[in-house]
Amino acid sequence: MGILNDDAVLIEPGKISGDPTIVTVNCPDESGLGSTLCRIILEFGLSITRADFSTDGRWCYIVFWVTPDISSPRIDWDSLKNRLLSACPSCLGSFYFCLQSNVSKPPSLYLLKFFCRDRKGLLHDVTKVLTELEFTIQRVKVMTTPDGRVLDMFFITDAMDLLHTKQRQTKTCDHLTAVLGEHGVSCELELAGPELESVQRFSSLPPLAADELFGPDGFDNSGSSSNKAVLTVDNQLSPAHTVLQIRCVDQKGLFYDILRTSKDCDVHIAYGRFSSKVKGYRNLELFVRGTDGKKIVDPKHQANFCARLKEEMVCPLRVIIVNRGPDTELLVANPVELSGKGRPRVFYDVTLALKSLGICIFSAEIGRHSTLDRQWEVYRFLLDESREFPLASLRARNQVVDRVTKTLMGW
């Protein structure tokens, strides 16, 4: 493997307004690289409209056609390029945030704490600032006091790995102060100590809520989902690969969901093509092999992989509303990668959806929940009643679930 240079990642803007930006990655290959690159693209608020993926196991060539989400009109393309370069194998040197040299070292966890007067949309406005600054929210604890003030505690990691510097800390607090305006009271940022290891704790869900989220009814295996994702496995078209043909409903993060699922199932994609959307559907063609480098011929292995892939395409996130004593709680869950990472921008999208509905969040937290076959990231929001959305009403609850789901899925 050679040393990479800036040409390993090329970003070419569209020729006219509205055209997608073309992102090309040409670098040594490693297991799960495609999934990692898709994840970074999602973190920047970009949607992949098309993709071509090719690798011989040693070198890969990937082309993404990307467009900004409506909620993310401003993209720092230079920062995106640096992040993608940092994910490419053999990125030597320290220029790209030294991320490659720290692969095995978990990022430092920081506690951002601020106290302010509450207002509608506050939580999303703060989340937007943190997202634009390239922070990853690992956990959040929001508490509202009886006098209408709120204490927010965000446990964050820095994709740039610069939060230990005074300049980065000052910039963060300045951006938050600008958003909070006259509502702000105080803002503190510090390195989280070992006593805060509970950030990775598992969320204690009520049994009924856990059954609804993760039970057999959580994923629709009935005929109503069969038209959303159709998978065909063929071992005759290619002499060296199993060909997987997919037709499914388009949604935000679709290519990421397919690549992360393939990685977690130890299925290696040698070539893949992600076609443009047609009438709300996508067509994909993947040439894949097992860990032994051969075709996937075992019927059980085929069935298990296709079932897992279909589940992740049809229902990558679970959204429900339940009663929590006298209060109403919104629960959102997504599967965690085997690497331990949750889905990007979930907290951002949920708070955006609730802000658009004019619903205030009384408290919020992020935790983990374990089922027999996987681990889940669980987002819990206690919602405030309002005249527009009396949450005792089934119709209002369905509206909330529908809006949150559509925002998360990009519909």
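1. A crossing is left-handed if the near helix is turned anticlockwise from the far one by less than a right angle, and right-handed if clockwise. In this predicted model, local features need pLDDT of at least 70 and side-chain atom pairs count only at pLDDT 80 or more, while totals for chains, interfaces and linings use all residues. Residues are numbered from 1 along each chain as its sequence is written, and side-chain values use heavy atoms, with hydrogens and water left out.

2. The chain's secondary structure amounts to nine helices and 16 strands, taken as DSSP runs numbered from the N terminus (helices H or I, at least four residues; strands E, at least two). Of its 411 residues, 51% are buried, that is, under 20% relative accessible area with a 1.4 Å probe, protein chains only (exposed is over 50%, partly exposed in between). Among contacts (heavy atoms within 4.5 Å) between residues at least 6 apart in sequence, 69% join residues at least 24 apart.

3. Helix H1 (residues 33-43) passes helix H6 (residues 254-264) with axes that come within 8 Å and cross at roughly 145°; the crossing of H1 and H6 is left-handed. Gly-34, Ser-35, Cys-38, Arg-39 and Leu-42 of H1 meet Phe-255, Tyr-256, Leu-259, Arg-260 and Lys-263 of H6. By class, this contact has five nonpolar, two polar and three charged residues; Ala, Val, Leu, Ile, Met, Phe, Trp, Tyr, Cys and Pro count as nonpolar, Asp, Glu, Lys and Arg as charged, and the others, Gly among them, as polar. Axes are lines fitted to C-alpha atoms, for helices over the stretch in contact, and angles run from 0 to 180 degrees between N-to-C directions.

4. An open, antiparallel sheet has eight strands in the order S1-S2-S4-S3-S11-S12-S10-S9, where pairing requires at least two DSSP bridges between two strands. Strands S1 (9-12) and S9 (229-234) are at the edges with a single partner strand each, so one side of each has no neighbour in the sheet. From one strand to the next, the twist averages 20°.

5. Strands S2 (residues 21-28) and S4 (residues 59-68) run antiparallel and are joined by eight bridges; Asn-26 stands opposite Tyr-61 in S4. Helix H2 (residues 77-87) packs on the sheet and touches S1, S2, S3 and S4, its direction making about 155° with that of S1. H1 lies across S2, S3 (46-55) and S4, at about 20° to S4.

6. The structure holds zero disulfides, a disulfide being a pair of cysteine sulfur atoms within 2.5 Å. The closest cysteine sulfur to that of Cys-27 is in Cys-88, at 3.7 Å, too far for a bond. Cys-27 is buried at 0% relative accessibility, and Cys-315 is buried at 15%.
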